[in-house]
Each structure stands twice: as C-alpha cells, then as structure tokens.
Amino acid sequence: MPTFQQTISQLQAFWEAEGCAIMQPYHTELGAGTSNPATLLRVLGPRPWRAAYVEPSIRPDDGRYGENPYRFQQHYQYQVILKPAPADSQDLYLRSLAAIGIEPEQHDIRFVEDNWESPSLGAWGLGWEVWMDGMEITQFTYFQQAGGIELNPVSVELTYGLDRIGMHLQNVRRAQDMEWAPGLTWADVYLENERQFSTYNYEVADTEMLARHFDEHEAEALRCLDAGLPLVAYDHVLKCSHTFNLLDSRRAIAVTDRQAYILRMRALTRRVATAYLEQQEARDA
Amino acid sequence: MPELLIEIGCEELPSTACREAEAQLPGLLERSLAAAGLDGEGPRFHVGPRRIAAIATVPAERAAAASEVRGPRADAPEQARQGFARKHGLAADQLEQRDDGFLWAVSAGTATPARDLVPEVVTRIVDGFQFSKTMRWPGGRFSRPIRWLVVKVDGDVVDVECAGVRSGDHSQGHRSRGAVRVGSAATYLDDLRGVHVVADAGERRELIEQGLGAVGEWIDPMGKLAEVTHLVEWPVVLEGRFDERYLELPDRLAVTVMQSHQRYFPLVSAGRLDARFAFVANGGAPDVVISGNEEVLVGRLEDGAFAYGKDRDRGIGSMLAELPRVSFLEGAGSLAEKSERVREVAGQLCDRVEADPDVRAAVGRAAELCKADLVSSLVAEFSDLQGYAGSIYAAEAGEPPAVCRAVEEHHMPVEAGGALPASVEGGLLSIADKADTIAVAFALGAQPTGSRDPYGLRRAAAGIVAIALDRGYELGLVDLMAESVHTLVAQGHELKRKPLEAVPDAVDFVLDRVEPLMLEEGVTVEEIRAARGSGVTGPLPLAALSRALRDARGSERLAAVRDAYARCVRITARAADEAASELRTALFEMEEERALCAALGGADIEIADAAAQRDYSSALDAARGLVDPINEFFDKVMVMADDPALRGNRLKLLLDVASTLRLVGDFDQLPG
C-alpha cells in the first residue's frame, strides 16, 4: 500500500518521463493549481509547455475544523498542463493512473461531461470530471480561454484530487487516516492546521484589514502593470483572490458586491495576461 | 448496392451532444449525400459516447450527366479552338461543328464512382453538426475532439482527411479492449460487440432496462435513463446497498442524493424505498466497482443528512430573516423583495381567476415563504431540492399543507414538457413567480439575447404557458407584469427600460412560447402569426384562436373573410392618413354604406362576445356575416370620392371593419 508521499512521487516520475518540467507549489495561496502562473500564464501564446506539480489548494470556505472526512480548507491537487494538447491525452492520463496502482481494467473509469469556468480568471474550458467507480478523481479540461484571451494552441489540463485518490489507494474512509509517510498520518501532519485555519477563516480574520488589503493589492497590481511587470502584478492578483476568499468565508461580502469584486479581479487578470503575452511576443520577435 | 459506413470516433461526447447528434444525423446524411448526387437508402444511425456512426446503401456510382457546351466559331483562330477543346478534355478535332457555325464540346459524361464522392460527404457531415457547445483542440472544432474516422464502402476503406485525422478501417473498442478492424457496414455492430461496445443506443437502453428490471423494482423520477444510455458503451447493471438508517431521511432527499449527481436508480418495494440502489457501470471488476460506488453514496448521504440536520436546527424563520441580504438578480434587490413582488402579483392573479379565499390566503403565505430555502444548506448541496426543501421546513414550522404544497410546486415545471404543479395553489404561485422574474428582467434590460438566457427566462415563459393552458387561466399578463414592475419601482429600484416598452415585450416573449405547442398541434406558422396579429395578450386566447384558424383552413368562410379583409386593408393602407377620425352616418350617401355600417354594428358585438368566450369558430361565423356587405360596398361605392369629407368617412368605415375582422386574426398573414 503506497504512502501518500509515494503516490505523489509516482506521479512525479510518470510525468517527468513524459517530458514535463516538475515545478514546485507556488509561494502564495491559490484556490487551485490552475491559478499558478505555470498554468494560467504559460498557456498563453504559441510556446509549447509541459509542466506538472503538486499544488495545495487553499479554499477557506471548505474548512470543517478537520471534522469532515474529505472537506478541508487546504487539500492537495496534482496539476499537469500539456501544451499543445496531445492527441493521446486520455491514454496518457489512464496510463498515469496505472502508474500509481489504479488498474483501469479493475475499475469503472468514466469521462463525464464537465465544463469548467473561472469568472475571476476570465478562463474556461470543456472536458470531463473523471469518475472512478462513481467517485470524481480528476478534472480533465481542454483550456479554451485564459485571462479573457482565446488560447491557441489549446492546452489540456489534468487536475488530480490527490486526497481522494490517496484515500482510495490506502482503502481508508477518512483523509485523516491516510498514511502520509511510514508511521505518520495525515492527521499527524495537518489536523491541528485545519482546526486553527478553520477558526481563523470563519471567526478571527480581520475583515476590515482584509478589505483594505484587497484594495491595496489591486492598486499595487495596477502599479506593477504600469511598470511593465506583469509577473509581479499577477502575484498581487493572486493575493486579491485569496483575500476575497477569506472575506467570503467571513460572510463579509454582500451578495450585491460579490460580482463587483469578481469583475475587478477579472479585469486585472485580463490586463496581466495581455501584458504577459505582449512581452513574450516582443521577446520572440 | 454497396453500403457506406461512416464512423466519427470521439473522446467522450456529453450526453446532450449525443442526443443532438441523433437528432441531426439523419438530415445531415441525406443532405450530404444529395449534395454529392447520391441517393442513400435504408439509413441506420448509431450514436454513443465515443462514436457517431451512419450507414446507408448508396449507388455504386453517380450516373453520367451528358453535356453540350458551345465554344468558339468554327472559323476562330487555331489557339482559341484548341484552348476550348483542352478545357473540356478533348482534342481539337473531337469538337463537333454544327449548323449554327459554332464548335461544340459534346460529351456523354462519365459516371463518378461513389467512393470518389464519399470524402465530401464525410466532410459535410462533420462540419454540419450544430452542437449547443463546442470546443477547439489542435485539429478542429467539435463537441469533443475527434480521434479517428472509419469510412468504408463495403469492404474498402475510403481515404478521407478531416478534423486532423485520416480515415482507416480501425475503430476503438471499449478502453479495456483497444482497437478493432471493422469489416464493413454489415459487420459493424458485431465487430464492435467483439470489443465490448454496444454501438446502438436503442440496444443499450434495452440492455439497461433489462438489467435494472433484473435487480428489482426501480424508479427514475429525475429522468436519468436517457442520459445514462449515453454515458456507457458496455452497460453492466450492478446493485449496491446502504445502511437502513439513511431511510429516515425524507424520501425525496434520499432519491435526489442517488439520482442528481451519481445517476443511480433507487429501488422500491411495496411503494417504499429500499436501502438498495441500482447503477449502470461501463466495465471493471464488479465487486470493486460496487464497493467504490457504495462508498461514494454513503459520503453523499452523509452530506445530505448533515445539511438537513443543520437546516432543521435553524428553521425556516431564520432562513427568511436572511433573505433581505441575498440578492436576486442584479438591480432587482433582494430575495425578500422578490418574495414581496411575487405576493403582489399572485394576489392580482388570484383576483383574475376568482380564486377562493382559502386558496388566496395559502398562495399569499406561500409567496412569502417560497424563496427561504435558497439559503438552506440542503439547496446549497443539492440544488434540485429547491422548493421541496422549503416545503419540508415550512411543514416543520406548522404551515398548512396547501401552503407547503405551493412552496414545493412553485418551481414546476422544471423543464420543457415537465410535470406541472398538481395543486391550484402551486400553479398560481408558479405563474406569479415566473411572471415576476420575466417582467423584472425585461424592465432591467436583462432579457435574453440570442442563445444567452442566463436567468432561464425561456423556460419560465414556457412554464407559464403550460400551466395557463392546462388550467384554462385567463392571466391578464399585461396587468400581472405591470404590477411586478410597479412594485419594483416602489421598492426603490431603477428601471433600465420604460414599463410601456418592457411590459409588452415581456408579454410577447411569453406568447412566443405558445408557438411550439401550436406547431405540434398542426397549426401552421402563418396561422399562428395571424392569430397573434389579432392583438390577443394571453396564451389561452392565442391558442384558441390558432386552433380555430387551423380548423377553418381551406373552408369557404375563411377564404371569403380573408379576401374581404384584404380588400379593406389594401385601400386603407394606401390612404390611412386621409381617414376621418370619427364615422359620421350623416355623410352616408349610398345604401351599401348604411348596410355595411349596420352589419358592422351587429358583428362587432357578436365577435367580441364570441372572442371573450374563446369561441373563435362563432367569431369567424360572425365575421363571415360581414363579407357580403363588404363586397357589395366595394361593388357600388366609390371609396376615393372627390369630396374629401366623403372619402374620409368611407375610409374610416373600412378601417373600423378591418379592425373588427382583425379580432379573429390578421388575415393578411394567411396564404391565399
């Protein structure tokens, strides 16, 4: 039975052999691996790109103080981005499952329609949620647009739900019981983390400070754009996004303001994407 | 005759795309073959998640078409003669000189083998699909990427390149089986069966129904069977179990948990839910697949139980208190304000249909409660439970059954052709809720444009129409919608459009939804247009008039009325601005004028009465009564008299006649 870290290593080895650059998690909070610049910005423009990485997905509103068997304010995704999307994407994916010990012949693996959209990133794609015996284990998306820009070529994005896959491989019902490393469980590593962050996210976070930070990061992102630094600007957009999520989990965003916040982030992302692409084109010219 | 096989191999198509493909493929194949000059016969279609296949018998070749083309004069320069001959694939001395002095290229034509025409047929079909959602991939644009093509005429592969792939004779079997060589159209289904693919959707559905029947008495209240048929290629029906204690959850919650996301089929015995479910797998080791699915279901049931418990702890009162802080649609305030408007509109509707006082009271109370569950944990988790969740929480708070029922049913019908509210209260609340949403969206400039309909207004409009026709309600849509817009203004919201424009547009939008129903009943587009031209403003009279025009199609009285109407409007349209503003009998000079005026006085009342009773057949009879006076009028009376007063008076009379006749339809819309 593989430990959680072994499963991750096996995925890393598989995708390394498929020519992916193995990246590291990003250095600021992300709701999903898609927001990592290694995906969101690298899918722009014509340059080929293949990367794979673990990403902690930080979603304050999903916290359950560590009490729910599979909902946490932080869970792990394994993210693969292949640009352009190869013709054998689905086969590659199924082989990656075999590589971590999920034999496709043993299971009912299904590609069930799912269309993905992130209004704040100005991004959308079509694809599937991949089911294994009725459980959703991966999001499989052909990226059509990012930062409001039509993508050409189209990339394929695979987002594995590592916790669910790990639970299945170890045959445990609660993520808390998963063996992370020999003799060390997920609960040993993260349970206290979940308690403290859930408490902070729902009860403690200073909403006035957060609202101010959102404005400040937005302003800084705009300054960075003006200074020709879209990569730096994007970090501030990501900070806006996490700040927004925290405000949301504190129920500090009136429903009527929600759309306005999302539009602000969308506009910023769009400018970042446009500037990033222009710089890349200038360098490639 | 040879058989043509075309298989478009795809990555998993959504079930909606499969159904679109099934609907479009017969027409596409026929048109594509016709465009290539081929007649297809005995077509068969097989659609599934990974393939769209069409088979037809085609002639071996497209028959030769003889041609004669006139060229240069016989005495034209050598160069011109040779050029013309070359263009037609002939030598100069093969041209035929005719008596007209010209050279002719005469050819009996050559037959074209079908296989040379098949590539364009395939390309036309692939390009011709209209999916509601499409994506791009490096290769093309389709519902999902195309990965292989099998194109054969009998046993021979036809070479086609399309959407980035090249045809061959290998298809893909079930993922556990890999590729397979397809012999021909005749062996197609069996070749695929050998690699665990049931390519025919009808056959898959039968297998699934048999399998489900073998497991027990199954139910499918959310209608998942059609979708599941397109989620599998090699259906295997399996049975799972769950702990009895989940049966303590409200039935519909348990059923929704099983059906909504997981597409399982609940099992019942003696009308009660079992702690078992059936589901359709696409392969795998049964014990592994069953235990995986059981585990997923327990997780979902736990989610449901948790959300349900949380909601019960807080009660519907606490949900209602939250509504003022939750927005409905941009610019239309909160859900609390939405509920207030629905209550106003519902009150007006109850007046209109002369509802009993107890019905009225229940609808009013239900209007206040019906949006509460939108902030419940249960609806956040399972949006399909909207309405139902509210009804169980209302019942727990001691609300009367009629109120709970109306809350539960006010979302219905949830889809086109779906079940309608069974209770009077539910039907009235449903109409009021939908009318408010549509009116408000139109007043805020948020009406649907093209295929964009983010608030589902078309579905809402279709719901209003379905309920109104079913129950025979006179809605007074204009008043209902005006009420809704006025309340919106009174609530302090700013309109983006003037009510005088938005409300009629919104009413028209609802009437648009009557059309598809009428077409199904054999009414023609022209008849519907004529009926709408009458100025009716409700689904019920529109439907009644459309049917009356359909029933009168081809009759003498209809033709007579139509022609008489045409005579009136032909002349008034030309000189409308010369018509007097009021008819003066003192200006009548001729007997026919007086006769027509008198006939109009009688017919006017008869038509209006009959129309009010929705008895458009009698209305048409009354209109027929005007035909002879009209014709006699035209035969004897000079409408465009020199005296402007006479002229104006006669035009006015004809305008009045036309507008009376128009109550039975704008006859100009009907074909002569």
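Because the model is predicted, local features need pLDDT of at least 70 and side-chain atom pairs count only at pLDDT 80 or more, whereas totals for chains, interfaces and linings use all residues.

**Stop 1: the domains.** Colour chain A by domain 1 (4-201) and domain 2 (205-284); these bounds come from an automatic or database domain assignment. Their C-alpha centres lie 23 Å apart. Domain 1 of chain A gives 23 residues to the contact and domain 2 of chain A gives 24 (two residues are in contact if their C-beta atoms, placed from the backbone, lie within 7 Å).

**Stop 2: the sheet.** Next, show the strands of chain A: 7 of them form an open, mixed sheet in the order E1-E2-E3-E7-E6-E5-E4. Strands (E, at least two residues) and helices (H or I, at least four) are DSSP runs, numbered from the N terminus, and two strands pair if DSSP finds at least two bridges between them. At the edges you will find E1 (21-22) and E4 (109-118) of chain A, each pairing on one side only.

Select E2 (residues 49-58) and E3 (residues 74-83) of chain A, an antiparallel pair joined by 10 bridges. Here A:Trp49 stands opposite A:Lys83.

**Stop 3: two hairpins.** Move to E4(A) and E5(A), antiparallel over 10 bridges, with A:Ile109 opposite A:Met132. Their hairpin has 4 residues between the strands, and A:Gly122 in the turn has a positive phi of about 60°. E5(A) also pairs with E6(A), antiparallel over 9 bridges, and A:Trp124 has A:Gln145 as its bridge partner. In this second hairpin, with 2 residues between the strands, look for A:Asp133 and its positive phi near 50°.

Why is E5(A) largely enclosed by the rest of the structure? Because 9 of its 10 residues are buried (20 or more other C-beta atoms within 10 Å of a residue's own, all placed from the backbone).

**Stop 4: the side facing chain B.** Finally, bring in chain B: 29 residues of chain A are in contact with 27 residues of chain B. The elements giving two or more residues to chain A's side include helix H3 (89-99) and helix H8 (255-284) of chain A. The largest share, 5 residues, comes from E4(A).

Methods: Residues are numbered from 1 along each chain as its sequence is written. Chains are lettered from A and ligands numbered from 1 in the order in which they are written. A residue is buried if 20 or more other C-beta atoms lie within 10 Å of its own, exposed if 12 or fewer, and partly exposed in between; C-beta atoms are placed from the backbone.
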